[in-house]
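This briefing is meant for a reader who is new to the structure.

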Amino acid sequence: MVSMLILAVDTSALATAALVRAHDDGRTEVLESFAATETNAHAEVLAPAIGGILEQAGVAGGQLDRIVVGVGPGPFTGLRVGLATAQALGFAWQVPVDGVVSLDAIAWQVAHRAVEPDGAGIAAPITEDFTVAIDARRREVYWARYSADGRLVDGPHVGAADQVPAGPVVGIGASLYPDALEAAGAHAVPGLDRLQPQAAALGAAAVGLLHAGEALRTPVPLYLREADAKVPQAMKGRTA
Amino acid sequence: MSDAPLILGIESSCDETGVGIVRGTELLANTVSTSMEQHVRFGGVIPEIASRAHLEAMVPTLQQALDTAGVALDDVDALAVTSGPGLSGALMVGVAAAKALAVATGKPLYAVNHLVAHVGVGVLDGGELPDRLGALLVSGGHTEILKIDSLTDDVELLGATIDDAAGEAYDKVARLLGLGYPGGPVIDRLAKEGDGKAIRFPRGLSLPKFVGTAEAPGKHRYDFSFSGLKTAVARFVEQYQAKGLEVPVADVAASFQEAVVDVITKKAVMACTEHGMENLLLGGGVAANSRLRQLLQARCDSAGISLRIPKPSLCTDNGAMIAALAAQVVAAGVAPSGLGFATDPGQPVTQITLSDLHAA
Ligand SMILES: Nc1ncnc2c1ncn2[C@@H]1O[C@H](COP(=O)(O)OP(=O)(O)OP(=O)(O)O)[C@@H](O)[C@H]1O
Ligand SMILES: [Mg+2]
C-alpha cells in the first residue's frame, strides 16, 4: 500500500478530528489533531477545527485519500454531528468515507500502548482479551471485546455494566460502575479506565484494519438502541 | 437575473430534510425528504426518529437538489442553513452538514431563522415582497403573526400561540376522532361534508379581557390558544360516546375547523389593520387548508388587504425557503455567520441571521 493521507473524525464522546498519514511500512503519523474540551458543543466546534487542521497542515481536502469516521456507539446527537460532517465533507471533496467502530480507537491505544498522558501508570501490557467500555448512561455501558493485539472479537453491545465479560476492562466505562464490574468478575485496568475514543487513534485503527486486509464499515451510526418514542410536548419552546 | 447570487439552503428543523437552490428570486431546486410516515403511529413527530432520518437523507437530498438545479456545488455563491427554531437534534444534523460544506468549499455560510424563511419564501412565488407586510404562519409547530418591516433586519412577533400550534390541534383532534395522522388533510376533507355551525366550540383568547381594544390592547390581543378547543372537542365526543350515540364526525370536524380558522383569520386581519400592514403573506403547512384560505381571502378582501399564499410545496418545510431568505440577506450585504455558531431551538424571530461569533 502506498502512503495515504486520512482525515479521521470521532464524536462518539468528545468532538475530535485528526489528520493522519499512513506510511508504506504500516507506521502511522499524526500530522494534526484536535479534541474539544467541551463535551456538548460538537456542532459548534468540529467544523472549524477540521478547517484549522487542514490549514495548519497545508492540505487541501481534495488531497485526502479517505475520510474515516467513528460510527459509535455513543450518545446519538453528538455521534450524528461527526457522521453528518464526514459524509458532507466526503460528498463535497469526492473523497471516500468509511466507518470505524469508535471503541476500536481505545482498543488500538491500549494494544499499542499509545496512551498519554497517564500511560506511565500502566503496570504491564495487557496480554489477554480485554473489554473496552464507555458510558451509555442508565447504568449501562457500550462495550466490545478485543484480543490483546486490538482486534475486535465481540460486539459492540449495550448492556448493564454487570453483564460485561470477566477480565480486564478499559475505557471510561471501566471506572463508572466498579461494583457492577466486580459482580461480573471483571476489573478496571488502572491508568486505562478514563480513555475515550479519539480521532487520532481511530485513524490509526483504520489503517491497522486496512493493512490486515479488512473492510471498513459503512459510515452509518451504530445506535444499538431504538429511538426513544415518546410523543413530545410538541415543540412548545419554539414560539416563546 | 443571472448575476443574482446562487444559494444552496438546508432545512432540518422538524421532520423534513430539505435542500433548495435559488438564484436570487428564481427557484432552481426544492428537494424534500420527509420522515412523516415513521411518525404516523405515534401521532406526532418523534425527535430522535426525525434526527436519524435527517442523517440518512442529507447527502442523497443534496445530490438530488444539485442534479435538479443542474449546478455543481462549486458554482454556489453562498450556503445557508436553518439554525432554529426547531428540534435540537434535528437542527444539529443540518447545521453539521452545512458547516462541513462550507469548510470543504470555502463558501460563506448563513445561519437563518426558520420562521422568517417561511416569509422570505414568498419571493419565489410572486416576486419581491411588498412593503407594509404582515405574515401569518400556521403549521404543526407554529401559529404566529409577524410584522415584517425588513425581511433582512426587522421582524417583530405580534402574536403567537400560548400552547398548541394550530396544526398540532388538527393532529390531536384527528387522533381523538380516530382519523389518523396527519390530521389536517382529513379534517379539511371531512369538514366539507359537515356543518361548521353545528357545534359552537370555543375561540381561544377571544374574550374582551384578553383582546382589549386597539387603544388599550389586552395581554393576548394577537395571541392564540388551541388547547381549550381540543379539550372541548374531547368532552363533546366523550358525551356522545357515554350516551352510546354515534359521534357526528363530519359536524365535529367542520365545527372544530371553523373555530380554528375563525380566530386565526380574525386576529391576523385585526393585526394588519392596526399595524398599517396592507399586505399579508400566509405560510406554513396549514396554509394548505381550504377553509383557511377561503375565509382569510374573504376577510382580507373586506379589509382591503392583499393576500399572498405561496404554492403548497413552498409553504411546508423546505430548503428553498432557507435559500430564498439567504439570497435576500446576501443582497442586503449582511455578513455571513461563520462556522462557530450553535443551533438555537428557541431562536426568536427577531434573530433573522446569526452573526459570526469570531468576527470583530
Ligand atoms: N389541509 C390542511 N388543513 C389543516 N391542517 C393541515 C392541512 N394540511 C396539513 N396540515 C397540517 O400541517 C401540519 C404540517 O405542516 P408543516 O410541515 O408546515 O409543519 P411541521 O413540520 O409540523 O412544523 P413546522 O413547519 O412548524 O416545523 C400538520 O400539523 C398537518 O396536520
Ligand atoms: Mg414539517
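The points that follow cover sheets, single residues and salt bridges, in that order.

The model is predicted. In chain A, five strands form an open sheet, and in chain B an open sheet of five strands has the order E8-E7-E6-E9-E10. A search over all chains finds 17 salt bridges.

**The sheet in chain A**

- The strand order of this open sheet is E3-E2-E1-E4-E5 in chain A, with mixed pairing.
- Its edge strands are E3 (28-35) and E5 (97-100) of chain A, each of which pairs on one side only.
- From one strand to the next, the twist averages 20°.
- Strand E4 (residues 66-70) of chain A runs parallel to E5(A), and four bridges join the two.
- Val68(A) has Asp98(A) in E5(A) as its bridge partner.
- Helix H1 (residues 42-57) of chain A packs on the sheet and touches strands E1 (4-10), E2 (16-22) and E3 of chain A. The direction of helix H1 makes about 30° with that of E2(A).
- Helix H5 (residues 199-211) of chain A also packs on the sheet, where it touches E1, E2, E3, E4 and E5 of chain A. The direction of helix H5 makes about 130° with that of E1(A).

**The E8-E7-E6-E9-E10 sheet in chain B**

- The pairing in this open sheet of five strands is mixed.
- Strand E8 (154-160) and strand E10 (306-308) of chain B are the edge strands, and each pairs on one side only.
- The twist from one strand to the next averages 25°.
- Five bridges join strand E6 (residues 133-138) to strand E9 (residues 279-283) of chain B, and these strands run parallel.
- Opposite Ala135(B) stands Leu281(B) in E9(B).
- Helix H9 (residues 249-274) of chain B packs on the sheet, touching E6, E7 (143-150), E8 and E9 of chain B. The direction of helix H9 makes about 20° with that of E7(B).

**Strand E4 of chain B**

- Strand E4 (residues 78-84) of chain B is largely enclosed by the rest of the structure, because seven of its seven residues are buried.
- Strand E1 (residues 6-11) of chain B runs parallel to E4(B) and is joined to it by four bridges. Leu8(B) has Leu79(B) as its bridge partner in E4(B).
- E4(B) is also joined to E5(B) by five bridges, and these two run parallel. Val81(B) has Ala111(B) in E5(B) as its bridge partner.

**Lys107(B)**

- Lys107(B) sits in the loop between helix H3 (88-105) and strand E5 (109-113) of chain B.
- Lys107(B) is buried but has no salt bridge, and the nearest side chain of opposite charge, that of Asp74(B), is 4.6 Å away.
- A polar atom of the Lys107(B) side chain lies 2.7 Å from the backbone oxygen of Asp74(B).
- Beyond its neighbours within four places in sequence, Lys107(B) contacts residues including Leu73(B), Val76(B), Leu79(B) and Ala102(B).

- His42(A) is in helix H1 of chain A and counts as buried because its relative accessibility is 6%.
- A polar atom of the His42(A) side chain lies 3.0 Å from the backbone oxygen of Ala13(A).
- Asp162(A) is in the loop between strand E8 (152-160) and strand E9 (167-170) of chain A. Its relative accessibility is 36%, so Asp162(A) counts as partly exposed.
- The C-alpha atoms of Asp162(A) and Ala180(A) are 4.3 Å apart, although 18 residues separate the two along the chain.
- The side chains of Asp162(A) and Gln163(A) make a polar contact (3.1 Å).

**Salt bridges**

- Glu48(B) and Arg80(A) form a salt bridge between their side chains (2.9 Å, N to O). This pair joins two chains, because Glu48(B) lies in helix H2 (residues 47-69) of chain B and Arg80(A) in helix H2 (residues 76-93) of chain A. Both Glu48(B) and Arg80(A) are buried.
- Lys266(B) and Asp262(B) meet in a salt bridge between side chains (3.8 Å, N to O). They are separated by about one helical turn, because they are four residues apart in helix H9 of chain B.
- Lys266(B) is partly exposed at 47% relative accessible area, whereas Asp262(B) is buried at 8% relative accessibility.
- A network of salt bridges links Asp164(B), Glu168(B), Lys172(B) and Lys230(B).

Methods. Residues numbered from 1 in each chain as written. Chains lettered and ligands numbered in written order. Predicted model: local features only at pLDDT ≥ 70, side-chain atom pairs only at ≥ 80, totals over all residues. Heavy atoms only, no water. Buried < 20%, exposed > 50% of the residue type's maximum accessible area, 1.4 Å probe, protein only. Lys, Arg positive; Asp, Glu negative; His and termini not counted. Salt bridge = Lys/Arg side-chain N within 4 Å of Asp/Glu carboxyl O. Polar contact = N/O pair within 3.5 Å; in protein donor to acceptor, adjacent residues only side chain to side chain. Contact = heavy atoms within 4.5 Å. Pairing = 2+ DSSP bridges. Axes fitted to C-alpha atoms, helices over the stretch in contact; angles between N-to-C directions.
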